[in-house]
Amino acid sequence: MRVVLQRVTSASVEIDGETTGEIGPGLVLLLGIAKEDTQRDVEYVVDKCAGLRIFGDENGKMNRSLMDVAGEVLLISQFTLFGDTRKGRRPSFEGAASPDLAEPLYELAVERLKEKGIRVATGRFGAFMEVELVNDGPVTLTVESRR
(Lines give C-alpha, C1' and ligand atoms only; values in the text may rest on other atoms or scores of the structure.)
Protein backbone atom coordinates (compact mmCIF):
# COMPACT_ATOMS: atom_id res chain seq x y z
CA MET A 1 0.00 0.00 0.00
CA ARG A 2 1.29 3.43 -0.89
CA VAL A 3 0.05 6.81 0.33
CA VAL A 4 1.01 10.25 -0.86
CA LEU A 5 0.14 12.48 2.06
CA GLN A 6 -0.21 16.25 1.85
CA ARG A 7 -0.77 18.56 4.80
CA VAL A 8 -3.43 21.05 3.75
CA THR A 9 -5.31 24.09 4.97
CA SER A 10 -8.28 23.00 2.82
CA ALA A 11 -9.15 20.52 0.09
CA SER A 12 -12.10 19.34 -1.98
CA VAL A 13 -13.00 16.78 -4.60
CA GLU A 14 -15.49 17.10 -7.46
CA ILE A 15 -17.09 14.42 -9.61
CA ASP A 16 -19.04 15.54 -12.69
CA GLY A 17 -19.14 19.11 -11.37
CA GLU A 18 -20.51 18.09 -7.95
CA THR A 19 -18.45 18.49 -4.79
CA THR A 20 -18.51 15.10 -3.06
CA GLY A 21 -16.08 15.89 -0.26
CA GLU A 22 -14.31 18.83 1.32
CA ILE A 23 -12.21 19.43 4.40
CA GLY A 24 -10.57 22.20 6.35
CA PRO A 25 -7.11 21.82 7.90
CA GLY A 26 -5.79 18.28 7.82
CA LEU A 27 -4.46 15.77 5.31
CA VAL A 28 -5.18 14.73 1.76
CA LEU A 29 -4.35 11.03 1.48
CA LEU A 30 -3.94 9.62 -2.02
CA LEU A 31 -4.21 5.87 -1.43
CA GLY A 32 -2.75 3.32 -3.85
CA ILE A 33 -3.51 -0.34 -3.25
CA ALA A 34 -1.27 -3.11 -4.58
CA LYS A 35 -2.24 -6.64 -5.60
CA GLU A 36 -0.74 -8.20 -2.47
CA ASP A 37 -2.23 -5.74 0.05
CA THR A 38 -4.39 -6.92 2.94
CA GLN A 39 -6.18 -5.57 5.99
CA ARG A 40 -2.80 -5.48 7.74
CA ASP A 41 -1.53 -2.91 5.22
CA VAL A 42 -4.61 -0.76 5.83
CA GLU A 43 -4.04 -0.86 9.60
CA TYR A 44 -0.40 0.15 9.15
CA VAL A 45 -0.97 3.13 6.84
CA VAL A 46 -3.97 4.43 8.79
CA ASP A 47 -2.04 4.32 12.09
CA LYS A 48 1.03 5.88 10.49
CA CYS A 49 -0.85 8.71 8.76
CA ALA A 50 -2.99 9.53 11.81
CA GLY A 51 0.02 9.50 14.12
CA LEU A 52 2.71 11.28 12.09
CA ARG A 53 3.87 14.38 13.93
CA ILE A 54 3.80 16.83 11.04
CA PHE A 55 1.67 19.66 12.42
CA GLY A 56 3.21 22.63 14.19
CA ASP A 57 3.16 23.13 17.95
CA GLU A 58 3.12 26.52 19.71
CA ASN A 59 6.74 27.03 18.60
CA GLY A 60 6.06 26.09 14.98
CA LYS A 61 7.95 22.81 15.34
CA MET A 62 6.44 19.69 13.75
CA ASN A 63 5.40 18.00 16.96
CA ARG A 64 1.68 17.30 16.64
CA SER A 65 -0.25 14.61 14.82
CA LEU A 66 -3.49 14.84 12.88
CA MET A 67 -5.29 13.54 15.94
CA ASP A 68 -3.59 16.08 18.22
CA VAL A 69 -4.86 18.98 16.10
CA ALA A 70 -8.30 17.45 15.36
CA GLY A 71 -7.52 17.58 11.65
CA GLU A 72 -9.67 16.16 8.88
CA VAL A 73 -8.87 13.77 6.03
CA LEU A 74 -9.77 13.78 2.37
CA LEU A 75 -9.15 10.18 1.24
CA ILE A 76 -8.85 9.55 -2.50
CA SER A 77 -8.29 6.18 -4.19
CA GLN A 78 -5.33 6.47 -6.56
CA PHE A 79 -4.37 3.33 -8.49
CA THR A 80 -1.85 5.34 -10.54
CA LEU A 81 0.48 5.38 -7.51
CA PHE A 82 1.45 1.88 -8.65
CA GLY A 83 2.22 2.97 -12.19
CA ASP A 84 5.56 1.53 -13.32
CA THR A 85 7.39 3.99 -15.59
CA ARG A 86 10.68 2.12 -15.94
CA LYS A 87 10.00 0.84 -19.47
CA GLY A 88 8.80 2.81 -22.45
CA ARG A 89 6.62 5.90 -22.32
CA ARG A 90 3.34 4.43 -21.14
CA PRO A 91 3.06 3.43 -17.47
CA SER A 92 2.15 -0.13 -16.59
CA PHE A 93 -0.40 -0.51 -13.82
CA GLU A 94 0.11 -4.25 -13.39
CA GLY A 95 1.11 -3.82 -9.72
CA ALA A 96 -2.16 -2.11 -8.81
CA ALA A 97 -4.91 -4.18 -7.21
CA SER A 98 -8.03 -4.96 -9.19
CA PRO A 99 -11.16 -3.04 -8.15
CA ASP A 100 -12.71 -6.11 -6.47
CA LEU A 101 -9.72 -6.29 -4.10
CA ALA A 102 -8.99 -2.58 -3.81
CA GLU A 103 -12.44 -1.17 -3.09
CA PRO A 104 -13.08 -3.14 0.13
CA LEU A 105 -9.60 -2.15 1.41
CA TYR A 106 -10.28 1.50 0.53
CA GLU A 107 -13.60 1.33 2.41
CA LEU A 108 -11.82 -0.29 5.36
CA ALA A 109 -9.35 2.62 5.44
CA VAL A 110 -12.27 5.07 5.59
CA GLU A 111 -13.83 3.06 8.43
CA ARG A 112 -10.57 2.81 10.41
CA LEU A 113 -9.92 6.57 10.15
CA LYS A 114 -13.45 7.29 11.37
CA GLU A 115 -12.99 4.86 14.27
CA LYS A 116 -10.09 7.06 15.39
CA GLY A 117 -12.52 9.98 15.61
CA ILE A 118 -11.25 11.63 12.42
CA ARG A 119 -13.70 13.37 10.11
CA VAL A 120 -13.23 11.77 6.68
CA ALA A 121 -14.39 13.09 3.31
CA THR A 122 -14.03 11.03 0.14
CA GLY A 123 -14.41 11.01 -3.56
CA ARG A 124 -15.93 7.95 -5.22
CA PHE A 125 -13.93 4.80 -5.82
CA GLY A 126 -13.05 4.35 -9.49
CA ALA A 127 -14.50 7.71 -10.60
CA PHE A 128 -12.70 10.44 -12.52
CA MET A 129 -12.18 13.13 -9.89
CA GLU A 130 -10.89 16.66 -9.72
CA VAL A 131 -9.02 17.25 -6.47
CA GLU A 132 -8.24 20.77 -5.33
CA LEU A 133 -6.07 21.51 -2.34
CA VAL A 134 -4.00 24.15 -0.61
CA ASN A 135 -0.79 22.44 0.48
CA ASP A 136 0.31 23.78 3.87
CA GLY A 137 4.06 24.20 4.15
CA PRO A 138 4.29 22.60 1.65
CA VAL A 139 4.41 19.27 3.44
CA THR A 140 4.22 16.19 1.21
CA LEU A 141 5.33 12.71 2.31
CA THR A 142 4.96 9.13 1.19
CA VAL A 143 3.96 6.24 3.44
CA GLU A 144 4.40 2.65 2.30
CA SER A 145 3.31 -0.49 4.10
CA ARG A 146 5.97 -2.59 2.36
CA ARG A 147 9.46 -2.05 1.02
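Me: On a 1 Å grid over the protein atoms alone, a cavity is a set of points where a 1.4 Å probe fits but cannot get out, and its lining residues are those with an atom within 4 Å of a point. Which residues line the largest cavity here?

Reply: This is a predicted model, in which local features need pLDDT of at least 70 and side-chain atom pairs count only at pLDDT 80 or more, while totals for chains, interfaces and linings use all residues. Residues are numbered from 1 along each chain as its sequence is written, and side-chain values use heavy atoms, with hydrogens and water left out. The lining of the largest cavity consists of Val-3, Leu-29, Leu-31, Val-45, Val-46, Cys-49, Leu-75, Ala-109 and Leu-113. Its volume, taken as the space filled by probe spheres set on points joined across faces, edges and corners, is about 50 Å³, and the structure holds 1 cavity of 30 Å³ or more.

Me: Why is a set of residues called a nonpolar core, and which members of the largest one touch the most others?

Reply: The name applies to buried Ala, Val, Leu, Ile, Met, Phe, Trp, Tyr and Cys residues that are joined through side-chain atoms within 4.5 Å, where buried means under 20% relative accessible area, exposed over 50%, and partly exposed in between (1.4 Å probe, protein chains only). The largest core has 29 residues, and Leu-29, Leu-31 and Leu-75 touch the most other members. At least two of its residues come from each of β1 (2-15), β3 (26-32), α1 (39-51), β6 (72-77), α2 (99-115) and β8 (130-144), with α2 giving the largest share, 7 residues. In soluble globular proteins, nonpolar side chains tend to be buried together.

Me: How do you know that Asp-41 is buried, partly exposed or exposed?

Reply: The relative accessible area of Asp-41 is 5%, and so this residue counts as buried. Asp-41 has its place in helix α1, and its contacts (heavy atoms within 4.5 Å) include Met-1, Glu-36, Ser-145 and Arg-146 when residues up to four places away in sequence are not counted.

Me: What makes Asp-136 and Arg-7 a salt bridge?

Reply: A salt bridge is a side-chain nitrogen of Lys or Arg within 4 Å of a carboxyl oxygen of Asp or Glu. The closest N and O atoms of Asp-136 and Arg-7 are 3.3 Å apart, and so the pair meets that rule. The pair links distant parts of the chain, with Asp-136 in strand β8 and Arg-7 in strand β1, 129 residues apart. Arg-7 is buried at 11%, whereas Asp-136 is partly exposed at 27%.

Me: How many salt bridges are there by this rule, and what do Arg-112 and Glu-43 tie together?

Reply: The count comes to 11 salt bridges. Arg-112 and Glu-43 meet at 2.7 Å, N to O, and since Arg-112 lies in helix α2 and Glu-43 in helix α1, the pair ties together parts that are 69 residues apart in sequence. Arg-112 is buried at 17%, while Glu-43, at 25%, counts as partly exposed.

Me: Why is Ser-12 called buried?

Reply: Ser-12 has a relative accessible area of 18%, and therefore counts as buried. Ser-12 lies in strand β1, and its contacts beyond four places in sequence include Thr-19, Gly-21, Leu-74 and Glu-130. The C-alpha atoms of Ser-12 and Glu-130 are separated by 8.3 Å, although these residues are 118 apart along the chain.

Terms used. Helices (H or I, at least four residues) and strands (E, at least two) are DSSP runs, numbered from the N terminus. On a 1 Å grid over the protein atoms alone, a cavity is a set of points where a 1.4 Å probe fits but cannot get out, and a pocket is an open set with protein on both sides within 12 Å along at least five of seven lines; lining residues have an atom within 4 Å of a point.
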